[in-house]
Amino acid sequence: MRGGGVRARWRAWATASALLAAAVVLIVLAWAALAPIEPASRDELFEIPRGTWARRMAGDKVEILPDTIRLTLGINDVLLLRNLDDVPQVFGPALIMPGQSFRLPFDVASTYSFACTAHAKGSMSVIVDPGPARGWPTLRWRTRHWLPRSS
């Protein structure tokens, strides 16, 4: 008779633990879906390392910046390029001298194409996505940015 009481208490404890865990998961999901996204900085930094131009002139295939950069309005909608190379670099209409930075804020969600001397092909794209709406879009955005990116 005593074994049945232990089993009943064990089942009750297991059920309560499962319900508590489910409640915690639901609370975290609700927060992730409804809480506003407040970034520490709206800048998305990319650096052109020292020696990039020399390596390219020596025939080395240098891939320092992605061909496409994705930004999100209201979250990370300012592209910040820092030229650490020894020669000036062109990005769109801007000439970025050695040691200088160039900030380009975006106000409209769209796809932009720019000339870029830091790329072997001479151009790159910036895709600016609209900020996610509350609910499932915010939850999807957070999931995409919290999970590690595969190469």
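This is a predicted model: local features need pLDDT of at least 70, side-chain atom pairs count only at pLDDT 80 or more; totals for chains, interfaces and linings use all residues.
**Exercise 1. In which sense do strand 7 (residues 110-115) and strand 8 pair, and over how many bridges?**

Residues are numbered from 1 along each chain as its sequence is written, and side-chain values use heavy atoms, with hydrogens and water left out.

*Solution.* 

Step 1. Find the strands, which are DSSP runs of E with at least two residues, just as helices are runs of H or I with at least four, numbered from the N terminus.

Step 2. Apply the pairing rule: DSSP must find at least two bridges between the two strands. Strands 7 and 8 pair in the antiparallel sense over 6 bridges. One example is tyrosine 112, whose bridge partner in strand 8 is valine 126.

Step 3. Look at the other neighbour. Strand 2 (residues 68-72) pairs with strand 8 in the parallel sense over 5 bridges, and threonine 72 stands opposite aspartate 129 of strand 8.

**Exercise 2. Why is strand 8 described as largely enclosed by the rest of the structure?**

*Solution.* 

Step 1. Count along strand 8 (residues 123-129): 5 of its 7 residues are buried, so the strand is largely enclosed.

Step 2. Of its 18 residues, Leu65, Leu79, Phe91, Phe106 and Val126 touch the most other members. The largest share of this core, 3 residues, comes from strand 8.

Step 3. Zoom in on valine 126. Leaving aside residues up to four places away in sequence, its contacts (heavy atoms within 4.5 Å) include Ile69, Leu79, Phe91 and Phe106.

**Exercise 3. Which residues form one aromatic cluster?**

*Solution.* 

Step 1. State the rule: rings of Phe, Tyr and Trp (its six-membered ring) pair if their centres lie within 6.5 Å; planes under 30 degrees apart count as stacked, over 60 as edge-to-face and the rest as tilted. By this rule the count comes to 6 aromatic pairs.

Step 2. Take phenylalanine 91 and phenylalanine 102: their ring centres are 6.3 Å apart and their planes stand at 55°, so this pair is tilted. Phenylalanine 91 belongs to strand 4 (residues 89-91) and phenylalanine 102 to strand 6 (residues 101-105), 11 residues apart. Phenylalanine 91 is buried, with a relative accessible area of 1%.

Step 3. Now take phenylalanine 106 and tyrosine 112. With centres 4.9 Å apart and planes at 50°, they too make a tilted pair. Phenylalanine 106 counts as buried at 5% relative accessibility, whereas tyrosine 112, at 23%, counts as partly exposed.

Step 4. Name the cluster: Phe91, Phe102, Phe106, Tyr112 and Phe114.

Conventions:
Buried means under 20% relative accessible area, exposed over 50%, partly exposed in between (1.4 Å probe, protein chains only). A nonpolar core is a set of buried Ala, Val, Leu, Ile, Met, Phe, Trp, Tyr and Cys residues joined through side-chain atoms within 4.5 Å.
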